[in-house]
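The entries follow the order in which I checked things.

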Amino acid sequence: VPALRFSQVDLTYPDGTVAVRDISLDVASGEFVAIVGPSGCGKSSLLRCASGLIAPTRGSVQVDLSHLGYVFQDSTLLPWRNVQQNVELLAQLRRIPKEERNELARSAIELVGLTGFERHHPRRLSGGMRMRVSLARSLTIDPRVFLFDEPFGALDEITRERLNDELLSVFQSKRFAALFVTHSIYEAVYLATRVVVMSSRPGRIVAEHVVPFSYPRT
Ligand code: ADP
Ligand code: ADP
């Protein structure tokens, strides 16, 4: 079984808007799938179905929610908690003992390159660094599936490129199943092993493209 499976998923909002229509898609561990398509074509809605935030109107989503990570553009960090405390949040909610929690956070913080910033509060960090904190927070739960909704969309291009490289190196060491929504075909092709194109109205997949082995992914 793939780490994430959408089977004939429809999502219609209560006001009648059809956001997702008949989507079947598998994402295996070690696969990085990018979803591209025009604004309003249902990309975020599809991710919300995967995250368990909304139940599909029809069809099903199979995913292990206890090992699901996500970074969305508006992923909120708790402003009154420092980096260390933000990264520990999920482990704390799971009642993981303090020692173990500290260690999980330490290694996640190291992986995203924020060692030394543990005591900083989010407001003192740049946008790029805040995204790294969100990424680290999800890494503490040993994600099998990782959802990204335009995570770097609000950042300048240079920061965005650097974060893309950092994300790829995290992906290469953890080998989760990644589903990454972006407007940018460039970003999709750079990051993904497979690109899925959605079309607006009515939220269908209209094309799929396996990216040739062009980036050092081993
Ligand atoms: P994308 O992420 O590709 O921009 P969305 O998934 O956000 O697309 O939106 C898909 C469609 O669903 C759009 O027509 C949008 O206006 C509509 N939509 C999104 N959220 C809601 C909601 N909560 N209620 C009703 N319609 C919504
Ligand atoms: P932005 O997203 O605002 O463009 P960056 O994430 O690139 O910002 O970081 C902004 C500043 O913080 C840069 O000057 C960068 O050198 C510094 N910085 C970012 N990450 C680290 C880090 N891991 N160690 C030291 N400095 C860092």
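Predicted model: local features only at pLDDT ≥ 70, side-chain atom pairs only at ≥ 80, totals over all residues.

I looked up the strand order and found an open sheet of six strands, 5-6-7-3-8-9, with mixed pairing. Strand 5 (68-72) and strand 9 are the edges, and each of them pairs on one side only. I read an average twist of 15° from one strand to the next.

Entry on the helices. Helix 1 (residues 43-51) packs on this sheet and touches strand 3, strand 5, strand 6 (145-149), strand 7 (177-181) and strand 8. Its direction makes about 150° with that of strand 6. I then found helix 4 (residues 127-139) lying across strand 5 and strand 6, at about 170° to strand 5.

Entry on strand 8. Which way do strand 3 and strand 8 run, parallel or antiparallel? Strand 3 (residues 32-36) and strand 8 (residues 194-199) are parallel, with four bridges between them. Strand 8 and strand 9 (residues 204-210) are antiparallel and share six bridges. Four residues separate strand 8 from strand 9 in their hairpin, where Arg201 has a positive phi near 40°.

Entry on the rings. I counted 10 aromatic pairs. Ring pairs join Phe32, Phe146, Phe148, Phe152, Phe171, Phe176 and Phe180 into a cluster. Over the face of Phe171 I found Arg175, 5.2 Å from the ring centre.

Notes. Residues numbered from 1 in each chain as written. Chains lettered and ligands numbered in written order. Heavy atoms only, no water. Phe/Tyr/Trp six-rings, centres within 6.5 Å; stacked < 30°, edge-to-face > 60°. Lys NZ or Arg CZ within 6 Å of the ring centre and 35° of its normal. Pairing = 2+ DSSP bridges. Helix = DSSP H or I, 4+ residues; strand = E, 2+ residues; numbered from the N terminus. Axes fitted to C-alpha atoms, helices over the stretch in contact; angles between N-to-C directions. Contact = heavy atoms within 4.5 Å.
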